[in-house]
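Subject: Model for your records

Hello,

Here is the model we talked about, with the sequence alongside. My notes on the domains and the chain contact follow below.

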Amino acid sequence: MKPQRQGALMAAPAAAVLAGVAVVPVLAAAWLSLHRSIVIFHEQRFIGLANFRFLLQDARFWSALGHTAYFTAVAIAVELLLGLPVALLLHRGRGLLRAAVLLPWAIPTAVSARMWAWLFNADYGLLHRLAPGIDWLGSPSTALHAAILVDVWKTTPFVALILLAGLQTIPDDVYEAASIDGAGRARTFVSVTLPLLRPAILVALLFRSLDAFRVFDAIYVLTEGGPANATETLSIYAYKTLMRSGDFGYGSTLSVATFACVLVIGLVFVRVLGRPR
Amino acid sequence: MRALSVCLIAFASCSRTSRDAPATGQVTVVLKHQPLWGDAAPFHAFLDRFRRENPDVLLRTETLPNASDVAREMFLTALEGAADDFDVFAIDVVWAPEFARAGWLADLSASFPPARLRAEFLPHAVEAVTLDGRVYAVPWFLDVGLLFYRADLVRRAPKTYDELREVARAAMARNPRLAGFLWQGRQYEGLNCNVFEAIRGHGGELLRNGRIALDSPEARAALQWMRDAIVSGLSPRSVVSSGEEETRRAFQDGRAVFLRNWPYVWAEVQAPGSPVRGKVGFAPLPSVTGAPGPGTLGGWQLAVNAHSPPARRHAAERLVAFLTSHDAAVDLALHYSRIPARRAVYDDARIRQGAPFIAALLPIALAARPRPVTPYYALASDSIQGELSAAIAGLRSPAEALSRAQRIVDHLENPR
C-alpha cells in the first residue's frame, strides 16, 4: 500500500497542474458554450443547447470544418510521403545535413508564413514568376493549397525527425537477417523497415493531426481566413467570433466543437497505438 | 499584415514606465496609447510639459501593441473585468460606440460639450465619438482614405470613376507594364473601408434608421464596379489578396498609376531613394457624380475609463484636454505626421510652413466619413468582410453577397 500512496502523492502536483491549466478551462468553455454571452451588451444568460442547434445549421461552421479536415488530411499525407524519404536520407547523413533539414521547423511560424506570403505575392512573388497563371492567395480554390504548402514546408522536418528516431530503434541484426535470407532492398524496406517503423509513423500521425486540426498561425498570417472565408479553419472562426466579435457564448461553442473533434482523433489514435500487434 | 510586423516591433520596444511613488496629495493617472512612429523624444517632452503644468498629477504612460486587433483584445478583456489600473486610453475610431454602449467609457459630455466639439473639431470625427448625443471620447488624430496618383503620368486627378478608368487605360496603353488602380481587397477590415468608400462614391449610405444597411442598389453598383475593375484588368488580380503595404510597395516601385491608401503613404513615396519621389500627387477619391468621394475615417480617440475613481477621473479629463489641444495637434502633425482632428490646426502657420502636405489634406479630412456608427459594427464587421470578399473574389454576385451580409447583420442586431 505504501508505494501506491507514495506514487499518488508524487503524481499529485502534476495532476493538480493539469487540472488547473487544462481540465478547468475546458469545462469553463463548455459551460460558457451554453450561454448567450455578448460582452459589449453585458448579455449573459443560459440558453441550453441553442448555440449547438445554431451550430448544426451554421454554413460557416461546416465549411470551416471542411477546410480544417481537408487541410489536416492533405497536409499530413504529403508530410508523411515526403518525411519518410527524408528520414531515410538523414539516417545515413550526419550533423550538418540534419541541422539544415530542420531549419524550416526552427523558424517561428508567423515569420515563415510572412515570408511565404511574399513568395506568393501576385505582383512580385517568386512562385508567381514561376507559374504566372496561378493567383495563390487571391483565389478561393488555391488559397487553402497555398496554406497546405506552407505547412508541408514547415513540418515535414518534424515528421522526418520522428521517423528518424523510429529508424534508429531498428536493430542492425534484423537487416542482417534479411540480407542473409536474400531479401533485396525493396523487399527489406517493405517487410522489415515499414512494419518496425509503424509505431513511429503512428506517433507522427497523432502529433501532426492534433496539431494540424488546430491550425491557426500560418493561415492567419497568410490570409486571415480569406478570400471569402475559403481558408477559414475552425480555430480561426472561433478566434474571430470570440475576440473580434466579442461573442463569447457562440465562440465557446465553436471551441468546444473543435475540442470534441480533436478528442475523437486523439482517442482513435491512442486506441490504434495501444493495440498489441 | 503590416499590423503584425508592427505589433512585433511594438512588443520588442515595450513600455517605458516610470514607477515613482506618488508624492503626498498627488493623484496617479495612467495613459495607455499605441507607440507613435519615429523619435519618442518630442512626445515625451510634450508629456513633461503636462507634468510641469499639473504638479498634482503623477502621469505614467504605458505603450500598447500598435496592431489594432491586439489592442482591442486587451481592452475587451481588461474592461470586461472592470480593470481600473489605467485612466486614459487611445481607442480606434470604430470602437467608440461599442465601448460606450458597454459602459466602459466615462461620459465626457460635461467637460467636452458636444456643441463645442462640433465647432472645434472636424464634424465627422465628432460623429464617430458620439452615441445618443453624449460624448464618450475626444478625437486625437485622424486617418482618411485618399487617392494617390502618378503626376508624371496623368495630368490631373480624376473626379469620376469613368475618368479614372479612361486615364488609367491611356497610361497603361503607353506602358503595358503598369497596373491601373491599386486598392485593398484582402479579407480584412481594410476591405470594408474600401467598399464603404465605393458605396458612398456611388451615392449610397451605410445606415438606415440607425441600423446597418448594406443591401442597396448603390452598394450593388459599388461592388460591381470593384469586381469589374479586376475582371477588366484595370486593377491587377493581386488586389484580391492585398493589404496596405503590398499595394503601397507596388505603387512606390512605379508599377501603378493610381493607389487608394492612407496618408502614411505620402512620407514613404516622398522619402529619399523612393523611385517615384516627386512624381506623386494626391486627391479625394473619385465618385459617380464627380463630387469629392468621401474617404473612410480612421484614427485614434482618447477615452477615460469608466471605472476610474472620481479623483483620478478629474485629472484624466485634464490630460485628455491637454493631449487634444490645438498645440498638441500641431506637435503631433509636425513631429509624427499625424492628421489633426481640429479644424483650426490646418490653418496654423506652423503647419502651413512645416507640414504643407497636412495643410493640403483639409478638404479630404473634412469629407471623411466614419464606418457605420453603431455598437453593432464591430460585431458585424467580420461577417461583412467575408461576404464582401466573396463578391470581390468573384465567388458570389454582388447582389447575393450583400443580401447574405444583410441577413447576418439583421440576425446580430435582432436575434430571434
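In this predicted model, the C-alpha centres of domain 1 and domain 2 of chain B are 29 Å apart. Domain 1 of chain B covers 2-143 + 298-367, and domain 2 of chain B covers 146-295 + 376-413. Each of the two domains puts 14 residues into the contact between them.

On the side of domain 1 of chain B that touches domain 2 of chain B, two helices supply at least two residues each: α4 (96-101) and α16 (362-367) of chain B. The largest share of that side is 3 residues, and α16(B) provides it. By residue type, the side of domain 1 of chain B that touches domain 2 of chain B holds 9 nonpolar, 2 polar and 3 charged residues.

The other contact is with chain A. Here 27 residues of chain B meet 28 residues of chain A. On the chain B side, two or more residues come from each of α3 (68-80), α4, α10 (244-252) and α17 (377-392) of chain B. The side of chain B that touches chain A is made up of 14 nonpolar, 5 polar and 8 charged residues.

One element to look at is α4 of chain B: this helix gives at least two residues to the side of domain 1 that touches domain 2, and two or more to the side of chain B that touches chain A.

Regards

Terms used
Residues are numbered from 1 along each chain as its sequence is written. Chains are lettered from A and ligands numbered from 1 in the order in which they are written. This is a predicted model: local features need pLDDT of at least 70, side-chain atom pairs count only at pLDDT 80 or more; totals for chains, interfaces and linings use all residues. Domain bounds come from an automatic or database domain assignment. Two residues are in contact if their C-beta atoms, placed from the backbone, lie within 7 Å. Helices (H or I, at least four residues) and strands (E, at least two) are DSSP runs, numbered from the N terminus. Ala, Val, Leu, Ile, Met, Phe, Trp, Tyr, Cys and Pro count as nonpolar, Asp, Glu, Lys and Arg as charged, and the others, Gly among them, as polar.
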